[in-house]
Structure formats: structure tokens, C-alpha cells
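Visitor: Could you walk me through this one while I have it open on my screen? I'd like to jump between topics as I go.

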Amino acid sequence: MKNIRNFSIIAHIDHGKSTLADRILEFTGMVSDRDMKEQFLDNMDLERERGITIKLQTSHLTYKAKDGNEYILNLIDTPGHVDFTYEVSRSLAACEGAVLVVDATQGVEAQTLANVYLAMNENLEIRPVLNKIDLASADPDAVKVEIADVLGIEADSAPLISAKAGIGIEDVLEDIVAHVPPPSGDPTGRLKALIFDSYYDNYKGVIIYTRVFDGAVRLGDTIRLMNSGKSYEATEVGVYAPGPVQTDRLEAGEVGYICAAIKQVADARVGDTITLAEDPATEPLPGYKRAQPMVYCGIYPADGEKYEGVKDAIEKLQVNDAAFHFEPETSTALGFGFRCGFLGLLHMEIIVERLEREFGLSVITTSPSVIYRVVMADGTVEMIQNPGNLPNPLLIAHIEEPIVKADIMIPKEYVGVVMELCQDRRGKLLHMEYITEIRVLLHYELPLNEVIYDFFDALKSKTRGYGSLDYEFIRYETSKIVKLDILLNREQVDAFSMLVHESKAYYRGRFVCDTLKEIIPRQQFEIPIQASIGQKVIARETVRAYRKDVIAKCYGGDISRKRKLLEKQKEGKKRMRRFGSVEVPQEAFTAVLKYDDNK
Amino acid sequence: MTITNSAAKTKSLGIYVHIPFCVRKCAYCDFLSFANRDETVHRSYACQLSTELIGRSAVYGNKYSVDTIFIGGGTPSLLSPILIDAILDTIYARFRVEGDAEVTMEVNPGTVDGVEHFTELRNAGVTRLSIGAQSFQASMLRFLGRVHEAADVTRCYALAREAGFENINLDLMFGMPDERLDTWKADLQTAITLNPEHISFYSLQIEEETPLFGEIMNGKYTPLPEIDDRLMYHHAIEALCRAGYVHYEISNAARPGFASRHNLKYWSLDDYLGVGLGAHSYINGRRFANTNIWKDYMGADEHGALTMWSHENSQRDDIAEYVFLGLRKIEGIDLSRFRRQFGRDFWEIYREETHMLMERGLLEHRDGILRLTRLGLDLSNQVFVEYI
């Protein structure tokens with residue numbers, strides 16, 4: 001055990017975590033250059049495209065250190081976005097140490113802080129590393145001071161590296177070997193192993209990534225998951241190097257995988273504890289939480305007839321994503337579809353994009369909603385995440401909305417615009433601290449429903465990309481929430497309904513009417529677009545009827561050109577949904593979700 | 001008697017000859033043409049046309065008899081009548097041309113100086129003129145970027161009559177920005193008073209990649225409101241019918257018996273061969289287009305690869321085109337003829353779409369004839385998209 005080092009790499013987005021992971025794999029000879037795709041660990045296309053790690057990967061590496069000993073390094077990758085805090089915390093719980101990558105040109109960011117706090121909570125040895133040292137704008141001395149000041153982590157001897165250029169990789173490995181403590185634990189005790197990730201494989205069922213703390217698990221053991229209470233037979237155990245290599249056992253201190261014919265990842269929830277059914281541990285490992293979606297939206301097949309296709313795809317995705325919830329739902333406007341729950345907006349975008357990309361489906365998503373706590377006049381409580389399910393307002397005593405604590409880190413010159421943004425989003429400033437002379441950390445309380453639309457995008461654009469954000473749910477708070485309905489040709493389209501704060505209803509209503517006016521093509525008759533709260537119309541626009549739609553001249557027998565024009569027109573028609581007599585293009589559903597402050 | 005037999009077997013063919021030269025490009029025009037007045041260029045192009053015609057005639061010459069020829073552009077009247085004569089000579093020499101063939105040529109009123117010009121064209125074999133009048137309003141002609149003035153139209157028309165042309169079309173345009181209904185009415189009245197056999201009346205279309213499109217985008221002009229455009233269109237139909245013209249296609253009206261036989265081929269899925277730069281053909285179930293690259297066209301010999309693209313129409317393609325082109329004709333399409341032509345029942349293919357369009361008031365069906373309603377004429381694209 002003394003030659004094992006279990007560690008994660010933590011960083012703010014874009015600070016170079018995945019690139020460093022790739023270089024470590026390369027350096028330890030685990031991946032040949034030829035196999036090396038850029039950022040090997042991020043193996044989903046989507047992740048590679050966005051440069052963020054969503055699904056965890058892990059690797060078992062051997063490294064011959066300068067002290068002459070051979071070490072086993074278990075690199076446990078972590079996802080890098082606010083939506084996945086819990087998953088990050090469980091990955092960290094599987095480690096003894098964390099390599100903290102800080103961009104030497106940027107310094108400490110909001111997620112650096114958030115991740116360091118998570119690592120501190122797990123009592124990890126945190127080893128700072130300064131990346132992008134080869135860039136002209138790198139200022140390692142200043143960043144070292146910042147790390148010491150802000151995080152209280154001594155960084156004088158931190159390796160100076162460039163993951164991209166392959167500089168200093170060995171220093172990082174030596175630093176890990178020297179400073180990250182070896183795992184402790186009782187190899188003869190009762191089995192306690194932490195699930196820190198799992199994914200579904202078509203042939204083997206769920207593959208559990210696990211860290212064994214006490215005891216050992218062998219091929220053929222009957223394992224029990226202590227929180228779910230379910231038992232399975234271990235059909236395969238092994239390590240990822242980084243491809244799967246079967247072993248006969250995993251024991252205390254080790255990191256590896258277990259297959260046990262488990263049908264969906266929700267049954268092997270991250271954070272759950274594996275023990276042996278015959279001789280179970282008395283207590284599970286601490287820190288387990290049920291997956292709790294924070295954001296909901298409706299997902300509907302763009303073509304109503306593709307319901308089965310969407311259902312299949314959603315089921316397949318859920319098998320691999322314990323945090324993704326869904327249930328069937330019907331909309332009068334959109335037909336049969338699903339109400340889906342996500343950890344956050346990014347999680348939602350990822351699922352929608354995967355549906356479209358991996359399954360070739362075209363889907364319509366409805367306005368995302370948080371979960372409101374609706375207290376009825378009779379004292380009962382309903383949790384509502386679908387505007388359509390809001391009870392009759394006369395029966396409601398009050399509505400509560402979720403509030404998050406948001407940490408926003410920005411260069412000081414943006415304090416004004418960001419405060420304005422937060423103000424506009426109904427934020428309450430708790431306090432403001434100067435991290436350094438030029439960097440400010442704003443602590444805000446914000447209603448989650450103000451964060452889920454485009455807060456992050458707005459923050460990025462107002463701070464020229466320098467602002468960073470981390471948030472967590474803290475409580476429910478009474479709020480004046482109203483249901484905003486949209487009527488096309490005097491008929492309510494339920495898919496456009498949304499729950500908004502009273503103070504925002506007018507602007508939101510205006511925005512939706514304006515947007516729809518631009519996007520709904522003119523038709524044979526005039527189409528009024530109205531936004532209303534209850535019976536009261538608060539905004540109105542009209543799509544005028546078309547009077548003329550002709551190709552007047554047919555030139556020189558060029559039929560193909562005319563045909564192309566008509567085909568283009570027809571293509572546009574195909575992407576329309578019919579509501580009563582009104583045709584609405586699919587883009588309308590996404591367009592009304594984008595809320596441009598500058599409009 | 002074998003001769004008669006073989007004659008009965010030959011199908012009729014229209015030939016379109018494209019002349020891609022203009023004095024200058026009009027603001028609204030996105031057709032294939034160049035501002036070029038160099039006679040040597042004209043001559044070499046005419047030679048190349050002959051080369052192409054010879055090549056094409058080897059394939060089609062024996063199988064078809066030509067009953068319409070249409071020389072369009074561009075501005076064909078920019079070419080010396082000698083060259084027109086040479087081109088027509090090639091056609092007469094290489095194809096079987098019927099005695100009463102309709103031979104149309106487009107004329108720009110600003111390019112003809114005397115009666116001799118027309119006389120020579122008549123002698124060359126041209127039987128029908130299509131005069132690009134467009135408007136009788138100086139402001140509109142300027143807006144359109146035309147090279148002629150209003151007076152040129154009447155002068156040109158009179159010269160054509162003097163030379164003996166008995167089948168003349170006037171092209172008119174309406175729906176220009178700032179155009180008023182009363183001036184359009186006056187234009188129509190002027191045209192009707194001239195008493196041509198045929199009048200085309202096109203609603204101005206703003207095509208991308210034209211100077212006009214740019215001027216609209218940058219706000220120099222505001223398009224005429226659709227409702228005004230339609231008032232002009234409806235007025236034109238009424239005024240022309242009142243004057244004894246038959247409205248026979250969306251944008252065309254003619255004295256009885258003077259509908260453009262060549263253009264009717266386009267709308268009836270009949271065969272036509274297009275020669276010249278970028279010209280389009282539909283022959284024997286295949287659509288194809290010549291290269292639109294000058295150098296390539298000029299470099300081809302009679303066996304040369306002129307074709308830019310080619311598409312073998314499926315029956316489904318033919319059906320769609322038959323319907324959406326046929327419905328451009330005011331008389332509509334005859335569904336029993338449809339069955340004879342395709343061996344399939346129209347309603348089996350298009351029941352749902354057609355009923356929907358009838359409900360929307362865009363189509364009417366009577367006695368086995370399907371046609372656009374008055375509203376359908378204004379919104380014809382809405383009808384056509386349902387059939388492709």
C-alpha cells in the first residue's frame with residue numbers, strides 16, 4: 001500500500017487539467033503517442049468540443065520514481081463544472097491528494113476556490129502546480145503569492161509546468177510521490193469501497209469505478225450497495241490502465257472497477273458504499289447524497305411521431321446518468337414528451353445535445369424551470385416544476401423559490417457591471433472581498449430561476465470572459481411568482497408558459513412577444529401574439545398576414561432554380577409545429593429562452 | 001407513306017437561345033449576362049452557339065421537330081441582325097423546323113435605331129418580338145436602371161409594326177418602391193392603347209445578389225407594401241381582360257390565339273433545348289444546364305463537355321413539376337390528362353394536400369380541372385410547395 005498514490009487533478013475550467021492528465025498518461029507510457037487523441041481522458045466528443053470534462057475517467061499508472069521505487073498512481077479525473085459539485089466531491093473522497101492546477105497567466109478563479117474547498121473538506125493533501133508557464137503573460141511569482149494568500153496553501157516549491165508543451169511533467173509526478181500520503185486502511189477488515197463514478201456498457205452492464213478503503217473485493221463475491229440495499233455478484237474486477245485490465249481482486253487502498261450485471265447507473269449511485277453481502281460493514285462511508293435535480297424542462301420530439309425514438313434515447317442516457325430524471329408528460333401544444341430533471345443548465349444542454357448528436361433526434365425543449373415550493377391555503381405543500389401544474393392561484397397561500405449562494409470572482413474593474421447584473425437578477429449582496437489588489441470575490445444570494453436562464457453567459461460577456469461563478473442551493477424563500485402565459489391567435493400555447501417573478505413578468509412577456517413576432521412567419525391570416533397573467537394581457541404583438549407569395553417570372557426554362565426556392569420554402573415548413581391554425585418554427589422554442597439584456 | 005409515319009412519331013421541341021450580353025446590368029436583374037458591346041465578342045459567341053447547335057442536333061435533330069424558338073437574354077437585340085440570321089440559319093439547317101414555328105426574340109427598346117433593324121430580323125426568320133418596356137414612367141425606368149426612355153418604347157413598337165411584325169409582346173413591371181397605383185394604371189392603359197398581341201406583367205422581385213437587393217438592405221429603398229403590389233396586380237388582370245386579353249398565366253395575358261407557345265412549353269412539361277451560356281434544357285425526362293463559365297463555354301467543341309449539371313427526373317419529379325408548373329396556367333391542370341400522362345390518379349398522390357389547399361381557399365376543383373383561385377394567384381408559392 002505504501003507505493004500507491006491516489007490523486008485527482010483540480011482546476012478552474014481551461015486552466016489545463018485535462019491536458020496535464022494527458023501528459024501524465026503519456027509520460028508514464030500508458031498511452032502511446034499514436035493512440036493519443038487530444039485530451040484522452042475526455043472521451044465524449046461533446047466534452048472535447050467544449051473543453052470540459054463531464055464524465056469521469058480514471059487511470060491506473062505505474063511510475064518509476066527517482067528514488068528507484070515503482071509507484072502505482074491512480075489518477076482520478078473530476079468533472080469541471082458547477083453543475084457537478086457532488087460528483088467532484090465523491091471523486092475527491094476517493095483520493096489522498098489533489099494536484100491543483102492554476103493557470104499562471106490567470107491566477108485563482110471561482111472554481112479554483114470551490115474545488116480547493118471541496119478538497120479541503122476531504123482532508124486532501126493539495127499540491128499546487130503552475131501551468132502555462134511558457135506563455136509570455138505568465139506571472140508565476142504573483143500567482144504563488146495569490147495561492148498562499150487566498151487559499152492558504154504554500155506554493156513556493158510548486159512545479160512550474162506547461163502541460164501543452166510537456167514541460168515539468170516529471171516534477172509533478174515526483175511531487176505527488178513525495179508529498180501525497182499513501183492510502184491507509186485495513187486490508188483484512190470488512191469491505192468498504194466508495195463508488196465515485198459509474199457508466200453503462202452494453203455488454204457488461206454498469207461498470208463501477210471504486211476506491212477500496214477497507215477489506216477486499218474478489219471476482220465472484222456477492223456485493224451489497226449499502227445505500228440502495230441491493231446485492232449483486234461481481235462478475236469482473238480490474239483496473240483501468242487506461243483500458244480495462246482484469247485482476248482477481250481489489251483491496252484496501254486500490255482504485256479500480258467492478259462489473260456486476262447492474263442494469264442502470266442509478267442503481268450504482270455515486271457516493272454509495274460497496275460492502276460484502278455475507279459480512280457487511282456496519283456503517284457506510286460518509287457523504288452520500290441522492291441525486292437532486294435543480295432544473296426541469298419538457299423535452300418533446302420535434303416530429304410528434306418520433307416519440308418512441310426519443311423515449312428510447314432518454315432511457316439509454318438515463319442508464320448512464322444517475323442525476324438525470326424523466327417522466328412522461330403531455331402538452332396540448334407539443335403532444336407526448338417528457339418532463340426532465342437536471343443538475344443545472346449545462347447538464348440540460350448536454351443531454352439535449354447528446355439526444356440530437358448521438359441519436360440523431362430533433363427535439364423541442366420548453367422553458368427551463370426550477371422547483372417551486374407552493375404552500376396551499378390549507379397548509380399542504382406542493383413542489384411544482386412545471387408551469388402547467390401550478391394550482392389555482394386562489395388556493396395558494398404563497399410560493400417559495402430556491403435561493404442559491406453564488407460566489408463570483410472578477411477583476412475589480414467589473415465590480416460595477418456585475419453588481420448591476422446581480423441587482424437586475426434580484427440578487428442580494430452578502431459581502432465583497434478583495435482577494436488581491438485587483439481581484440474581487442462577490443458573495444451573493446440569487447434566486448436560482450434568475451441563474452438558470454443565461455446568467456453565466458451574461459456574466460462572461462459583461463466581464464469579457466474574466467468572471468467566474470460557483471453556486472450552491474441554500475434555501476427556499478417566499479417570493480411573488482406568477483404564471484406567464486403566451487397566446488397565439490387567442491389560444492394559449494402551454495409549451496411557452498413559464499413561472500417568473502412578478503417584477504420580471506412584463507419584460508419577459510414583451511421579450512417573448514417580440515421574439516415570436518420576428519420568428520413566426522406570416523401566414524394567410526393575422527396572428528395576434530399575447531402575453532398574459534391570468535386574464536390580464538400584459539404584452540401584445542401581431543404577425544401580419546401575407547398578401548403575396550409568388551415567383552412572378554420563370555426565366556429561360558430554369559425550372560431547377562425555381563424548384564430549389566420552393567424546396568427551401570418547404571424545408572422551412574417542415575420545421576414548423578402547428579398550434580391550432582398557427583404554424584410555429586421550432587427555433588421559436590429556443591429563441592424565447594434566450595434573454596438578451598441589451599434588447 | 002413512311003415519311004408521314006415518321007413525322008407522326010417525332011415529338012415537338014422548343015429551342016431557347018441565350019444571349020448573355022447587355023448594354024449594362026439592370027438594378028434588379030440577376031440573370032446571366034455581361035455588359036458587353038464588343039462586336040467581335042458577339043460574333044465569336046454566335047459562332048460558338050452554332051458549334052453547340054451542331055453538336056446538339058446530332059443527338060436531337062432527327063427525333064424532334066422544332067415548333068418554337070426563343071432568343072432571350074441578356075439583350076439579344078444588342079446583336080447585329082446578321083448574327084441572329086446566322087444562328088437561325090444553323091437551326092434551320094440542322095433541325096427540322098415546322099413551317100409555322102413561333103420564333104421570338106427579346107428586344108430592348110434602347111438598342112434599336114431604325115426600321116431596317118426590324119426588317120432584317122423579320123427576314124432572318126423572327127416572327128414574334130418581346131419588347132422589354134417595363135414602364136412608361138421615367139422615374140421607374142431610372143430606378144430599374146434601364147437603358148431606354150419611355151419614348152423609346154413607343155418608337156420601338158411603331159418601328160416593329162412598320163417592319164411588319166404581327167405578334168408583339170410588351171413586358172411590363174409593377175410593384176417598384178414608391179410606385180403609385182395611378183401611374184401603374186396609366187402604364188397599363190398606354191400599353192393597351194398600343195394594342196400588342198401579348199402583355200406580360202411582372203411583379204418586381206427583389207433577388208439577392210442584385211444592386212437593388214443591397215439598396216433595400218441598406219435602407220435606400222423600402223419595398224412596396226404587399227397590399228399595394230396586389231392592388232396593382234388585380235387591377236392589371238381586370239384591365240387586360242376588359243380590353244379583350246386572355247389572362248392565361250400568372251404574369252401573362254394575350255389576345256386569343258397569341259399566348260406564347262414557347263413559354264407554354266415550360267409550364268406544360270414539354271421538351272425544350274436550351275443553347276448558350278448557362279442555358280437550361282428539359283428533354284426526354286432529363287433536366288440539364290450548360291456551364292455558366294464563359295471560358296469553358298467558349299472553349300467547347302461540338303462534342304465538348306458543356307454540361308454543368310444534369311438530372312434524370314424520376315416520375316415523382318415529373319409529377320411535381322407538372323403540377324406546380326401547370327398550376328401557373330390560369331386554365332389549371334386537367335386531372336384526366338394527368339392520369340393519361342402518368343398512369344396514376346392525382347388524388348391518390350395528393351389528396352390531403354389538395355383538400356387542405358382548397359380549404360384555405362387557394363385552389364378550386366371543377367369538372368376534373370384543378371386551378372388556382374384569385375387568392376391562390378397571390379399566394380401561389382403556398383400552393384406549389386405542397387406539391388414538391
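Visitor: How many bridges join S13(B) to strand S14 of chain B, and which way do they run?
Guide: This is a predicted model, and in it S13(B) and strand S14 (residues 307–312) of chain B run antiparallel and are joined by five bridges. Within that pairing, Asn290(B) stands opposite Thr307(B) in S14(B).

Visitor: And what about S12(B) with S13(B)?
Guide: Strand S12 (residues 280–283) of chain B pairs with strand S13 (residues 286–290) of chain B over four bridges, again in the antiparallel sense, and His280(B) is found opposite Ala289(B) in S13(B). Their hairpin has two residues between the strands, and Asn284(B) takes a positive phi near 55 degrees there.

Visitor: Switching to helices: at what angle do H7 and H9 of chain B cross?
Guide: The axes of helix H7 (residues 181–194) of chain B and helix H9 (residues 226–242) of chain B cross at roughly 25 degrees and come within 10 Å. Because angles under 35 degrees count as roughly parallel, H7(B) is roughly parallel to H9(B).

Visitor: Left-handed or right-handed, and which residues make the contact?
Guide: The crossing of H7(B) and H9(B) is right-handed. Residues making the contact include Trp184(B) and Leu188(B) of H7(B), with Leu231(B) and His235(B) among those of H9(B). By class, this contact has eight nonpolar, one polar and two charged residues.

Visitor: Last one: how many residues of chain A are in contact with chain B?
Guide: In chain A, 22 residues are in contact with 32 residues of chain B. The side of chain A that touches chain B has, by class, nine charged, eight nonpolar and five polar residues.

Note on methods: Residues are numbered from 1 along each chain as its sequence is written. Chains are lettered from A and ligands numbered from 1 in the order in which they are written. This is a predicted model: local features need pLDDT of at least 70, side-chain atom pairs count only at pLDDT 80 or more; totals for chains, interfaces and linings use all residues. Axes are lines fitted to C-alpha atoms, for helices over the stretch in contact, and angles run from 0 to 180 degrees between N-to-C directions. Angles under 35 degrees count as roughly parallel, over 145 as roughly antiparallel, 65 to 115 as roughly perpendicular and the rest as oblique. A crossing is left-handed if the near helix is turned anticlockwise from the far one by less than a right angle, and right-handed if clockwise. Two residues are in contact if their C-beta atoms, placed from the backbone, lie within 7 Å. Ala, Val, Leu, Ile, Met, Phe, Trp, Tyr, Cys and Pro count as nonpolar, Asp, Glu, Lys and Arg as charged, and the others, Gly among them, as polar. Two strands pair if DSSP finds at least two bridges between them.
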